[in-house]
Amino acid sequence: MANTIKSKRNFNTNSKGTCWRTPDRTGALTVEVAICLPLLFLFLFACYEIAHANMLMHATESAAYEAARIGIVPGAKTEKIEDAARFVLSSVGVNDFSITMTPSAISSNTPKVKIEIDVPFEKNTLIPQVFLKNPIFHGECTLTRESF
């Protein structure tokens with residue numbers, strides 16, 4: 001009678017007839033995923049947010065430099081300076097920014113051109129910000145005007 005009692009454990013065989021026991025860990029994978037997956041997503045979203053902020057910071061500095069380069073050329077117009085900054089910032093998806101030019105009107109006697117650009121992170125991100133609290137990225141460039 002002892003030989004007819006079946007074990008509650010599952011045994012499987014492969015094509016060669018080798019027998020192995022299936023482990024009794026039915027809920028372990030679910031618990032591991034429930035613990036690790038939120039941490040993984042938290043890490044991924046933190047990496048995305050920091051990388052996006054880094055991209056905006058460098059794009060702001062680059063836009064200020066490119067706008068100042070347009071502004072130092074003789075005959076530069078305010079509209080072309082703003083367009084140069086807008087072109088660089090729109091290439092990375094920035095829609096809302098403010099630009100300040102010093103002096104506001106460029107003439108032939110202007111010795112230097114200073115461009116300042118501010119980009120608020122809150123208005124230029126795709127996902128709600130969690131890790132960075134409302135930074136405003138500031139790009140500034142001052143160049144001496146070219147003369148003939």
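Predicted model: local features only at pLDDT ≥ 70, side-chain atom pairs only at ≥ 80, totals over all residues.
1. In which strand does V113 lie? V113 belongs to strand β4.

2. V113 has a relative accessible area of 1%. Buried means under 20%, so V113 counts as buried. When neighbours within four places in sequence are left aside, the residues in contact with V113 are G71, I72, T102, I106, C141, T142, L143 and R145.

3. V113 can also be compared with R69. The two residues stand 44 residues apart in sequence. In space, their C-alpha atoms are 8.9 Å apart.

4. The chain as a whole contains 2 helices and 5 strands. Their order along the sequence is β-β-α-α-β-β-β. Take the contacts between residues at least 6 apart in sequence: 56% of these join residues at least 24 apart.

5. How many residues does the chain have, and what share of them count as buried? The chain has 148 residues, and 25% of them count as buried. The accessible surface of the chain is about 10,700 Å². Carbon and sulfur atoms account for 60% of that surface.

6. Helix α2 runs over residues 78-90, which makes 13 residues. From its first C-alpha to its last, α2 reaches 18 Å, close to the 18 Å expected at 1.5 Å a residue.

7. Which residues of α2 are buried? They are I81, A84, A85, V88 and L89. These residues lie on the same side of α2 because they cover an arc of only 125 degrees around the axis. E79, K80 and F87, on the other side of α2, are exposed. A student can check this on the structure by looking along the helix.

8. What covers the buried residues of α2? The cover includes α1 (28-71), β3 (98-102) and β4 (112-120). Strand β4 is also where V113 lies, and V113 is itself buried.

9. How many disulfides does a search of the whole structure find? The search finds 0. C141, at 12%, counts as buried.

Key:
Residues numbered from 1 in each chain as written. Heavy atoms only, no water. Helix = DSSP H or I, 4+ residues; strand = E, 2+ residues; numbered from the N terminus. Expected span 1.5 Å × (residues − 1). Buried < 20%, exposed > 50% of the residue type's maximum accessible area, 1.4 Å probe, protein only. Arc of directions from axis to C-beta. Contact = heavy atoms within 4.5 Å. Areas by Shrake-Rupley, 256 points an atom, 1.4 Å probe, with all protein chains shown as cover. Disulfide = S-S within 2.5 Å.
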